[in-house]
Amino acid sequence: SSTGLTVNCANSDLAFAHIYENSQPSSAWTSFHSNHYSMGLFGESLEAESLYRINASNTFMGTIGCHAGLNVADAGLISDLDLVQGVAFNGGTTIGSTAYTYGSSWGINYTEALIADFTDRFLAADGQSMGTLLQTTKQAYLASRPWFDYLDAKTLMPINLYGLPMVR
């Protein structure tokens with residue numbers, strides 16, 4: 001909010017779903033439990049179909065929810081849409097993980113640190129494209145590690161950009 005942006009906060013999956021569906025924000029940052037077709041708990045979640053129905057043109061969604069960026073074949077599943085498809089079909093952009101995401105009990109680390117740095121860069125972007133922002137964020141994460149362990153690899157590898165990388 002210090003940058004002049006309007007900020008709505010939610011502390012539950014259901015509250016976030018209502019805010020997202022009713023206000024159609026230009027960006028959303030989440031850390032809810034996820035799978036490839038919904039964010040949040042069953043019955044209290046924002047599902048891919050809801051994102052698809054909302055005009056997500058020029059919308060950005062960044063999430064550290066596990067598997068929120070996982071693309072799964074559509075046949076015979078609970079949903080025919082992935083979360084990223086729900087945003088991308090209407091022209092939006094998503095950054096999400098295809099795997100489990102990681103945090104730390106001793107402060108912000110791993111996926112939390114990567115997305116926190118991306119958020120700082122996003123707010124100060126000054127016209128940089130989303131693809132460039134994610135690339136430089138991943139490079140800075142790698143350069144900042146005193147040692148590189150398996151959790152660092154599991155942080156960097158599954159985070160992907162879905163949408164057009166030249167979007168600003």
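Trainee: Why does G127 count as partly exposed?

Mentor: Set the value against the cut-offs. G127 has 42% relative accessibility. Buried means under 20% relative accessible area, exposed over 50%, and partly exposed is what lies in between, with a 1.4 Å probe and protein chains only. So 42% makes G127 partly exposed. G127 sits in the loop between α4 and α5. Its C-alpha is 9.3 Å from that of V167, 40 residues apart in sequence.

Trainee: What kind of model is this?

Mentor: This is a predicted model, in which local features need pLDDT of at least 70 and side-chain atom pairs count only at pLDDT 80 or more, while totals for chains, interfaces and linings use all residues. Residues are numbered from 1 along each chain as its sequence is written, and side-chain values use heavy atoms, with hydrogens and water left out.

Trainee: What makes up the protein chain, and what counts as a helix or a strand?

Mentor: The protein chain has six helices and seven strands. Both are DSSP runs, numbered from the N terminus: helices are H or I with at least four residues, strands are E with at least two. From the N terminus on, the order is α-β-β-β-β-α-β-α-β-α-α-α-β. Of the 168 residues, 42% are buried.

Trainee: Why is α4 called oblique to α5?

Mentor: The axes of α4 (residues 111-123) and α5 (residues 130-144) cross at roughly 135 degrees and come within 9 Å. Axes are lines fitted to C-alpha atoms, for helices over the stretch in contact, and angles run from 0 to 180 degrees between N-to-C directions. Under 35 degrees counts as roughly parallel, over 145 as roughly antiparallel, 65 to 115 as roughly perpendicular, and the rest as oblique. The angle falls in the rest, so α4 is oblique to α5. The crossing is right-handed: the near helix is turned clockwise from the far one by less than a right angle.

Trainee: Which residues meet there?

Mentor: From α4 come L114, D117, F118, R121 and F122. They meet residues of α5 including M130, L133, L134 and Y141. Contact means heavy atoms within 4.5 Å. The contact divides into eight nonpolar, two polar and three charged residues. Nonpolar covers Ala, Val, Leu, Ile, Met, Phe, Trp, Tyr, Cys and Pro; charged covers Asp, Glu, Lys and Arg; the others, Gly among them, are polar.

Trainee: How do you know that D152 is buried?

Mentor: Its relative accessible area is 1%. The limit for buried is under 20%, so D152 qualifies. D152 is in helix α6. Leaving out residues up to four places away in sequence, D152 touches Y110, Y141, R145 and W147.

Trainee: What makes L156 buried?

Mentor: L156 has a relative accessible area of 11%, so L156 is buried. L156 lies in α6 (residues 150-156). Beyond four places in sequence, L156 contacts L114, K138, Y141, L142 and F148. The C-alpha atoms of L156 and L114 are 8.1 Å apart, across 42 residues of chain.
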